[in-house]
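Please open the model in your viewer and keep the sequence panel beside it. The tour below moves from one selection to the next and says what is found at each stop.

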Amino acid sequence: MNAIEGTVKSYILEEFLPGANASDVNESTPLISGGILDSLATVKLVAFLEEQYKVTIEPHEASVDYLDTITQIADLVRAKGA
Amino acid sequence: MSAEQSAVLEAPGTSAVGGRTTALGWPAINRAELFKLAGLALQLAVVVYLLIAFRIENTAFYYRVAPIVGVGFVVNHLLPLRYRLPFFAALSLLTLFVVFGLVQSAWLVALGLVLIGIAHLPVRFGLRVALLLGVGTAFAAMRLGIGPDMPWRSAIWPILGSMFMFRLIAYVYDLRHQKDKPTVARTLAYFFGLPNVSFLLYPVIDYATFKRTYYDREPFTIYRQGINWMVRGLTHLMVYRMIYQYGTMLPTDVQNGTDFTRYVLANFGLYLRVSGQFHLIVGILHLFGFRLPETHHFFYVASSFTEFWRRINIYWKDFMTKVIYMPAYFKLKKRGDAFALVTSTILVFFATWFFHSYQWFWLLGTWLLSWTDTLFWAILAVLLSFNVLREYRQGRKRTTKSTEWTSAERTRLVINTVITFTVICLLWTLWTMPTLRDFAALLTTPRWRAQDLALLVGVLGVVAVSAWIAQRRDTAAAKGKDVARTTLPSLAILGVVWLLGEPYVRQFYNSDVNAFWRSTRIQELSALERSQLQRGYYERIVDLNRFNGGLWDIYSRRPKEWLRLDQTDIQEKVPDARLFVMKPNHTTNLNGDMITTNRWGMRDQEYEPTKGPNVTRVALLGASYVMGIGVKSGDFFEPILENRLAADTTGHGSRKIEILNYAVSAYLLQHQLALMETGELQKVGTDVVLIIGHLTDANRGASYLYRLEANGLKTPYDTMRTLMRVAGWNAPPDEPEARRTMRNFEGEMSRVTFLRMGELCRQNRWRCVYAYIPMPFERLNPDLQVELLGYAKAGGLETIDMGDVYDPYDERKLIITEWDYHPNLRGHQILAERLQRELLTKPGLLTHHADSAASAAATSEEKRR
């Protein structure tokens, strides 16, 4: 697992799934479509990504098309030059 | 096509086993796959059969769309993947043509293509949106009937609206943000998707999701899910049907806590129709490879208001999140998270409130704005804002594979669920109330007895147990257990319901049990909504304000130009207790039929001012169906009866029978009395007064009194005034309040009205007959019917009971249209034939002569002296 993926996973586990096993979430676990990230959690995650990686995420990117898995999240962050 | 979709295409079990194809590029199918397909096709065939047997929703769906889905599913799967989407698009258009006819469908598609074309114009985004708004406004004007006549029927607007009003927004949004261009087939499939032609309420499917989830999993998994959801939808719709037929009641009928609980639960339960339809729609789309998400998820057992919002109509929530919430939040987040979250949440509810009216406009042609609606969304916005802030600060427990719930957490969840359910039930009730005053009356009127409280506690106990079960199912699902294997047990239950409702089995039941099982097989208006539909003939305002129930559906198909008689120029107000009459010598066009009155303001032929010798004059009094609303002059029971009596002299010999039709649309029993008081009947030499009565005679007295006072008049009868005083009548501000005030006195009002009618009959030597003749589908409580006829008898009137006149017939074939239950020509013929027989059972009725009776009485009096 790369650095971004690892950081994002840790954040998700800590922030949204306290007490869950780390194995409950992998790089392809559906986060939005699987109900882990609702709209509120999504905006929190966006705030974290923007703060952590100094990137700007657009409103349309705060969606299942870009943030549904840890892989997608990391790809989006990388695409923004982080 | 995504990499995942390509992988599925290549994978075994997707028709192309191991990528092998025939020489023509057709997928080679192995035996195992054929068995799987046959098994699913068999299950689907059973589901389609049940949809037809239970007559689910509308004929277009169960007779046309459902069988097309059954066949289309198999063909679709046998095609190579690249042909499946074009096939689905073509099948959808074909279904549109089958259901809607070639010409109207062509117009519908053409108008839709105009919108899609504008969305794709090679101009900047802002200009495209402006053009769409312009064309949308022009379409809205046409929806209202403004502008020149168009070559298409107005009936296409609700369907076009249903297809484009929201999905076009989602589509344009994605056009702007998605990298790849949509294909023609996908766009056509998205907008004209096959189930839409039979369901006006259609989930707001997100275009990006529609594209992303297309065959993104193993096909048979998608199909199985689809059938599962169709069965779930069918189950929801059957439960809805029972609630709708047997659970609903008028708010003014709520008297105690049990009524209140029933009213509130039934009201919320009616939402199962939406949930059922959405499951059916999305289930069908699964059969063609669209692995769309769930539309509703245990929404009755949400443990908070945010949970409720997330679980009920999930597609709407996602749509709002995408086009309102996220853009608003991103714009506002610089001003602080709390401010941005709350403001975005409030904006979502504002938009939902607006879009609800916008949807109502496209489906029904009018704007829906009411205080109860506004308050409902405002309160929900406030409650959700609090929940959002709390969740933002404290988080919420989510369920994953390893999540364990402690007893304390479960207990808290159950308690929260019961509280949320209670609040949402009350809010939902507020939402469906016509006015705030009605809601306040509903809350304050019921008396709460011990048994009412026990029932309420029992209901909340069921909610608590359901919440516990739902939570366990969600946990099991998160742990990867297949909890969706409900198809076969559910199908088995539906099969038993089907068997018990079979006509062969029903013949062994008594009439009540038979009526219950018959009601599982038909989609018809409930008694409550039939009476609402009928109220529509009497009032401008019908309490039709939500997508609950079935009446809105019917109204959406009613042409905008469909009028009641009082909306034409033929009626005029009068300053007496009749309140209004028909203008003499006037002609008006009512929904295509010419209504012409004679010199006395009757829809009837001209008669000599003075009654001829050897003539019996019958004054016929009644309401809309008695004056033949909906049929042509000469095609309703009065002229038919008159002709029959002329042709068949049984019972009256050489005496000529003239039936003078005094009926006026929307006249109630009290209007008839007012007419009898005017002296009009004496002037024309009336011998017999035949009053045709129906349901309204038992329950509309208060409405009449309210209108009388609204016209500045007072009832002249002491007995009526006494009743009003005892009931607490105090200038009620509106008609519902008047009805609530007098609800325990309706029978008495009918009784005193009949008593006065009897006095007038005796004074004028008329033979007066009260004939109870319902409209088709009109059912009066049998006890009430007996009571009504008893009052007429007690007043000294003779009676005729034709309450069973339609029993031998299929009433659907006796009405004008589905949105107007006035009898058609066949219905009137049946009425005329039966009424003739009934009149002959009254000896001497047709030869009665009021003047002779008067002179005979005078002679006898003289002799006595």
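Select B:Ala666, which counts as partly exposed because 19 C-beta neighbours lie inside 10 Å; on this scale a residue is buried if 20 or more other C-beta atoms lie within 10 Å of its own, exposed if 12 or fewer, and partly exposed in between, with C-beta atoms placed from the backbone. B:Ala666 sits in the loop between strand 6 (656–661) and helix 27 (669–677) of chain B, where helices (H or I, at least four residues) and strands (E, at least two) are DSSP runs numbered from the N terminus. Although B:Ala666 is not a glycine, its phi is positive, at about 75 degrees.

Before going further, note that this is a predicted model, in which local features need pLDDT of at least 70 and side-chain atom pairs count only at pLDDT 80 or more, while totals for chains, interfaces and linings use all residues. Residues are numbered from 1 along each chain as its sequence is written, and chains are lettered from A and ligands numbered from 1 in the order in which they are written.

Now go to B:Leu579, in the loop between strand 1 (571–573) and strand 2 (580–582) of chain B. B:Leu579 is not a glycine either, yet has a positive phi of about 70 degrees. Is B:Leu579 buried or exposed? B:Leu579 is buried, because 22 other C-beta atoms lie within 10 Å.

For the next stop, select B:Pro80 in the loop between helix 3 and helix 4 (81–100) of chain B. B:Pro80 has 17 C-beta neighbours inside 10 Å and therefore counts as partly exposed. If you also select B:Arg390, the C-alpha atoms of B:Pro80 and B:Arg390 are 51 Å apart in space, and the two are 310 residues apart in sequence.

**Two helices of chain B**

Colour helix 2 (residues 31–53) of chain B, whose 23 residues should span 33 Å at 1.5 Å a residue, and whose end C-alpha atoms are 32 Å apart, which agrees; the expected span is 1.5 Å times one less than the number of residues in the helix. The buried residues of helix 2 of chain B are B:Leu40, B:Leu44, B:Val47, B:Val48, B:Leu50 and B:Leu51. These buried residues pack against helix 3 (59–78), helix 11 (219–247) and helix 21 (487–500) of chain B, two residues being in contact if their C-beta atoms, placed from the backbone, lie within 7 Å. Just after helix 2 of chain B, look for B:Arg55, which takes a positive phi of about 50 degrees.

Move on to helix 5 (residues 102–119) of chain B, which has 18 residues and reaches 25 Å from its first C-alpha to its last, close to the 26 Å expected. Its buried residues are B:Ser105, B:Leu108, B:Val109, B:Gly112, B:Leu115 and B:Ile118. They pack against several helices of chain B, among them helix 6 (125–143), helix 7 (156–164) and helix 9 (184–192).

**The nonpolar cores**

A nonpolar core is a set of buried Ala, Val, Leu, Ile, Met, Phe, Trp, Tyr and Cys residues joined through C-beta atoms within 7 Å. Select A:Leu67, B:Val47, B:Leu51, B:Val69 and B:Leu234, which touch the most other members of the largest core, a set of 153 residues. Helix 11 of chain B gives the largest share of this core, twelve residues. A second, separate core of 85 residues includes B:Leu695, B:Ala738, B:Tyr772 and B:Leu797. Returning to B:Val69 and leaving aside its neighbours within four places in sequence, you will find it in contact with B:Val48, B:Leu194, B:Ile284 and B:Leu287.

Finally, show both chains and select the contact, which takes 21 residues from chain B and 16 residues from chain A. On the side of chain B that touches chain A, helix 10 (207–212), helix 15 (314–332) and helix 17 (371–394) of chain B each supply at least two residues. Which helix of chain B gives the most to this side? Helix 15 of chain B does, with seven residues.
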